[in-house]
Amino acid sequence: MLAKNSKRSTIASASLSFIPVTGLTAKIIQNPPLPSAGDLFWILEVTGGETAPVPAKLVIQLTYATAGATNTPIVTATTTTISAPSPASVTALKAAVAPPDGSVEEKTPLDVVLEIDNPTRQTAHIKNIALLAPANYVEFDPKQPPPSMSEIPPGGRLATPLHITTKKEGVVPGTYTLVIGFNAGFSNQSPQWAPATAQAKINVEVRGVSDALQFLNVGSLLLLPGALIILTFIASFSWYSGRAPVDWKNPFLLVVSVILSFVAAEIYPVVTQWRGDRHDYLKAYQLQDVINVWVGSVAVGGGGGMIAGALLKFIQWWKASPDPADKPIDVLCKLKRHGADFWLTAVQRDPNGDDAAAQLMLVLPFGGAAAGRRWLIQRVRLQQGDANGAAARYQTIVSLLNGDRGAAVHTKKLVEVVQEGFNARQVLLSWERSPDVGPVEAADAEYPHVVGPRTIILPL
């Protein structure tokens with residue numbers, strides 16, 4: 001404060017006082033030397049609190065007396081306007097995440113930088129950096145947490161590296177808004193913190209899932225188990241049984257695939273809970289869940305296909321494999337199950353020999369004989385029985401033998417009639433020459449001469 005002495009008289013004494021203003025305080029830092037014949041200077045310190053008006057008027061009263069004066073001291077006053085700068089706001093800070101988009105998966109964390117610019121003239125303080133979204137699926141790497149407190153000088157920038165990884169509980173792949181929050185405050189304020197955020201885009205992924213779903217043309221992980229089970233079942237069944245593979249996307253198999261997927265979704269949490277780490281991939285999943293689903297589905301589908309293929313081969317073997325203990329009726333039934341003609345190729349050892357007729361054998365069109373070998377049988381003798389209806393049954397069979405041939409339907413009809421008559425004892429069946437010798441496996445060289453087609457049943 002300056003007090004001008006225009007009369008150039010000596011000031012012997014002088015004192016300042018202040019009229020109080022709410023929220024405003026003033027004190028004298030330095031007084032002028034007295035007595036003085038010139039102007040007087042005071043250095044003051046004025047402090048404004050939160051309740052001080054803006055602007056605030058400070059009233060200063062000066063009481064002084066000149067040298068040699070005996071009268072009452074002179075009192076004068078003046079005012080000054082105090083304008084304090086407004087406190088800096090957190091909204092003045094400029095926060096961003098770099099890069100503005102990225103991808104994170106279980107084995108590949110995402111490294112980003114939280115950049116905060118401070119354009120104010122006050123020092124900013126940053127604390128409590130936290131990942132707000134998508135908080136269900138990602139988090140800061142526990143091994144590399146953000147700093148607990150940071151400062152940004154006036155006009156400066158803070159660049160805080162952050163390491164983001166997926167949560168061990170699993171994720172739901174997709175594109176999300178990455179929201180990073182923090183609290184900010186300024187040095188010239190009482191400790192008052194305000195929240196602020198920075199945003200970016202983030203792709204949360206599970207390695208291999210999108211490629212697998214795209215390859216199989218499956219919309220989501222929910223439908224993956226059923227598709228894998230059906231595909232591996234078809235592949236293993238085709239390989240094991242020798243059948244041509246079918247299109248797994250025909251309507252029936254698609255319905256079965258969806259049903260199997262729903263069953264797998266219900267079973268998986270139970271299985272993982274039994275192992276001590278319950279997971280439900282309908283809510284969230286990770287790479288290990290995908291591996292478990294993949295391996296389990298392939299195992300179920302492949303195992304089921306091999307079992308079905310083995311069962312089919314067993315049925316085929318049961319239908320077509322001759323047995324030396326087979327009776328004539330057994331061979332006839334197997335011939336029907338195989339769908340073969342009842343006219344078979346006849347072979348002989350030596351057509352010019354004395355026992356040429358005794359050498360005659362028929363080649364069975366079924367049975368897994370070794371290389372260079374084949375199954376042979378004698379012809380079947382048909383005789384009329386003594387039961388009621390025997391003559392009519394016998395004539396019916398003879399008519400069928402002399403009628404149409406060359407198709408499985410004719411063999412089926414013939415065998416059914418013979419089987420009914422045999423069970424009713426209307427007809428009798430026996431091997432032509434040796435009653436106790438059923439099908440035999442012989443080398444091709446033993447019966448090299450082909451006679452031609454002969455009917456398997458020889459009526460007598």
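Reader: How do the residues of the lining of the largest cavity divide into nonpolar, polar and charged?

Author: Rolling a probe the size of a water molecule over the atoms shows where empty space is left. In this predicted model, the lining of the largest cavity comprises four nonpolar, three polar and six charged residues.

Reader: How much space lies in the largest cavity, and which residues are the closest to its centre?

Author: The largest cavity holds about 60 Å³ of space. Of its 13 lining residues, E105, E106, T166, E205 and V206 are the closest to the centre. A search of the whole structure for cavities of 30 Å³ or more finds one.

Reader: Turning to pockets, how much space lies in the second largest pocket, and which residues are the closest to its centre?

Author: The space in the second largest pocket is about 350 Å³. It is lined by 20 residues, of which K4, N5, I11, L62 and Y64 are the closest to its centre. The lining consists of eleven nonpolar, seven polar and two charged residues.

Reader: Which strands each supply at least two residues of that lining?

Author: The strands β1 (2-3), β2, β6 and β7 each contribute at least two residues to the lining of the second largest pocket.

Reader: How many bridges pair β2 with β6, and in which sense, parallel or antiparallel?

Author: Two strands count as paired if at least two bridges are found between them. Strand β2 (residues 11-19) and strand β6 (residues 56-66) are antiparallel and share eight bridges. Within this pairing, S13 stands opposite A65 of β6. Strand β6 is also joined to strand β7 (residues 74-82), antiparallel, through nine bridges. There, T63 has V75 of β7 as its bridge partner.

Reader: In which sense, parallel or antiparallel, does strand β16 run relative to β9, and in which sense relative to β15?

Author: Strand β16 (residues 194-204) runs parallel to strand β9 (residues 101-104), with four bridges between them. In that pairing V104 stands opposite V204 of β16. With strand β15 (residues 174-186), β16 runs antiparallel, and eleven bridges join the two. The bridge partner of V179 in β16 is Q199.

Reader: Which residues of α7 are buried, and which exposed residues lie on the face turned away from the buried side?

Author: A residue is called buried if its relative accessible area is under 20%, and exposed if it is over 50%. In α7 the buried residues are A390, R393, Y394, I397, V398 and L401. Because they cover an arc of only 135 degrees around the axis, they lie on the same side of α7. The exposed residues A392 and N402 are on the face turned away from that buried side.

Reader: What span should the 18 residues of helix α2 have, and how far apart are its end C-alpha atoms?

Author: For helix α2 (residues 224-241), 18 residues at 1.5 Å a residue should span 26 Å, and the end C-alpha atoms are 25 Å apart, which agrees. Its buried residues include L224, P225, I229, I230 and I234.

Reader: Is F366 buried or exposed, and where is it found?

Author: F366 counts as buried because its relative accessibility is 4%, under the cut-off of 20%. F366 is found in the loop between β18 (361-363) and β19 (373-377). The C-alpha atoms of F366 and A340 are 8.4 Å apart, while the two residues are separated by 26 residues along the chain.

Reader: Finally, the backbone angles. Which peptide bond has P35 as its second residue, and is it cis or trans?

Author: Most residues other than glycine have a negative phi, and most peptide bonds are trans. The bond that joins L34 and P35 is cis, with omega about -5 degrees. P35 is placed in the loop between β3 (24-30) and β4 (40-41). Another cis peptide bond runs from A98 to P99, with omega near -5 degrees. P99 belongs to the loop between β8 (94-98) and β9.

Reader: What is the phi of N128, and what is that of R425?

Author: N128 has a phi near 55 degrees, which is positive in a residue other than glycine. N128 is in strand β11 (residues 124-133), and its relative accessible area of 45% makes N128 partly exposed. The phi of R425 is near 60 degrees, also a positive value in a residue other than glycine. R425 is in the loop between α8 (408-423) and β21 (427-431), and counts as exposed at 53% relative accessibility.

Definitions and conventions. Residues numbered from 1 in each chain as written. Predicted model: local features only at pLDDT ≥ 70, side-chain atom pairs only at ≥ 80, totals over all residues. Heavy atoms only, no water. Buried < 20%, exposed > 50% of the residue type's maximum accessible area, 1.4 Å probe, protein only. Arc of directions from axis to C-beta. 1 Å grid on protein atoms, 1.4 Å probe; cavity = no way out; pocket = protein on both sides within 12 Å on 5 of 7 lines; lining within 4 Å. Points joined across faces, edges and corners; volume = space filled by probe spheres on them. Nonpolar A, V, L, I, M, F, W, Y, C, P; charged D, E, K, R; others polar. Expected span 1.5 Å × (residues − 1).
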